[in-house]
Amino acid sequence: QVQLVESGGGLVQTGGSLRLSCTASGGTFSTYGMGWFRRAPGKNREFVAAISRNGGTANVADSVKGRFTISRDNAKNTVYLQMNSLKPEDTAVYYCAASRYTATAHEGSYNYWGQGTQVTVSS
């Protein structure tokens, strides 16, 4: 059983930056593809970014392309989401997720989820 704990959320002004972290325990981190999703108030959870087991392949949603970067440090059992040029529409609870297979843009690809961290971008 893999446990995922997100951190790094908070309140930031438009144009600011945050770095989210997600630390895993209870499994072999390097064998999991990892992803970030978010749920804005009143909306469904949506894909943000995904990264392969060794970090060689990464994908981000079109809505955050050029602003958000996903990375991982397998020695630290941690995946990161660097968020720059934040906008009010980025306000959401951000979740990390682990996939025993391939990390994709689809929620069904993931086996384990964190509890989420709140990101609020003020205008």
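The paragraphs below walk through a predicted model, from one of its sheets to the core and then to a few individual residues.

Before we set off, some ground rules: residues are numbered from 1 along each chain as its sequence is written, and side-chain values use heavy atoms, with hydrogens and water left out. Because this is a predicted model, local features need pLDDT of at least 70 and side-chain atom pairs count only at pLDDT 80 or more, while totals for chains, interfaces and linings use all residues.

Let us start with a sheet. Strands here are DSSP runs of E with at least two residues, numbered from the N terminus, and two strands pair if DSSP finds at least two bridges between them. With that in hand, you can trace an open sheet of 4 strands in the order 1-3-8-7, with antiparallel pairing. Strand 1 and strand 7 stand at its edges; each has a single partner strand, so one side of each is left without a neighbour in the sheet. Direction ignored, neighbouring strands of this sheet are turned by 15° against each other on average, where the axes are lines fitted to C-alpha atoms.

Now look at the pairings one by one. Strand 1 (residues 3–7) runs antiparallel to strand 3 (residues 18–25), and 5 bridges join them. Here glutamate 6 sits opposite cysteine 22 of strand 3. On to strand 8 (residues 78–83), which pairs with strand 3 in the antiparallel sense over 6 bridges. Leucine 18 stands opposite methionine 83 of strand 8, and serine 21 has tyrosine 80 of strand 8 as its bridge partner. As you follow these strands, keep in mind that in a regular strand the side chains alternate between the two faces of the sheet.

Strand 8 also carries glutamine 82. At 27% relative accessibility, this residue counts as partly exposed; the scale is buried under 20% relative accessible area, exposed over 50% and partly exposed in between, with a 1.4 Å probe and protein chains only. Contact means heavy atoms within 4.5 Å, and, not counting residues up to four places away in sequence, glutamine 82 touches Ser17, Leu18, Arg19, Arg67, Phe68 and Thr69. Its side chain also makes a polar contact of 2.9 Å with the side chain of asparagine 84. A polar contact is a pair of N or O atoms within 3.5 Å; within protein, one must be able to donate a hydrogen and the other to accept it, and residues adjacent in sequence count only if both atoms are side-chain atoms.

Next comes the interior. A nonpolar core is a set of buried Ala, Val, Leu, Ile, Met, Phe, Trp, Tyr and Cys residues joined through side-chain atoms within 4.5 Å. The largest one has 36 residues, of which Leu4, Met34, Trp36, Leu81, Met83 and Tyr94 touch the most other members. Strands that each supply at least two residues of this core include strand 3, strand 4 (33–39), strand 5 (45–51), strand 8 and strand 9 (92–99).

Rings of Phe, Tyr and Trp (its six-membered ring) pair if their centres lie within 6.5 Å, with planes under 30 degrees apart counted as stacked, over 60 as edge-to-face and the rest as tilted. The structure holds 5 such pairs. In one of them, the rings of phenylalanine 37 and phenylalanine 47 have centres 5.7 Å apart and planes at 75°, so the pair is edge-to-face. Phenylalanine 37 belongs to strand 4 and phenylalanine 47 to strand 5, 10 residues apart. Phenylalanine 37 is buried at 1% relative accessibility, and phenylalanine 47 is buried at 16%. Together with Tyr110 and Trp113, Phe37 and Phe47 form one aromatic cluster.

Aspartate 90, in the loop between strand 8 and strand 9, counts as buried at 1% relative accessibility. A polar contact of 2.9 Å joins its side chain to that of arginine 38. Serine 99 lies in strand 9 and is buried, with a relative accessible area of 0%; a polar atom of its side chain lies 3.3 Å from the backbone oxygen of threonine 102. Glycine 114, in the loop between strand 10 (112–113) and strand 11, counts as buried at 7% relative accessibility. Leaving out residues up to four places away in sequence, glycine 114 touches Leu4, Glu6, Tyr95 and Cys96.

Methods. Axes fitted to C-alpha atoms, helices over the stretch in contact; angles between N-to-C directions.
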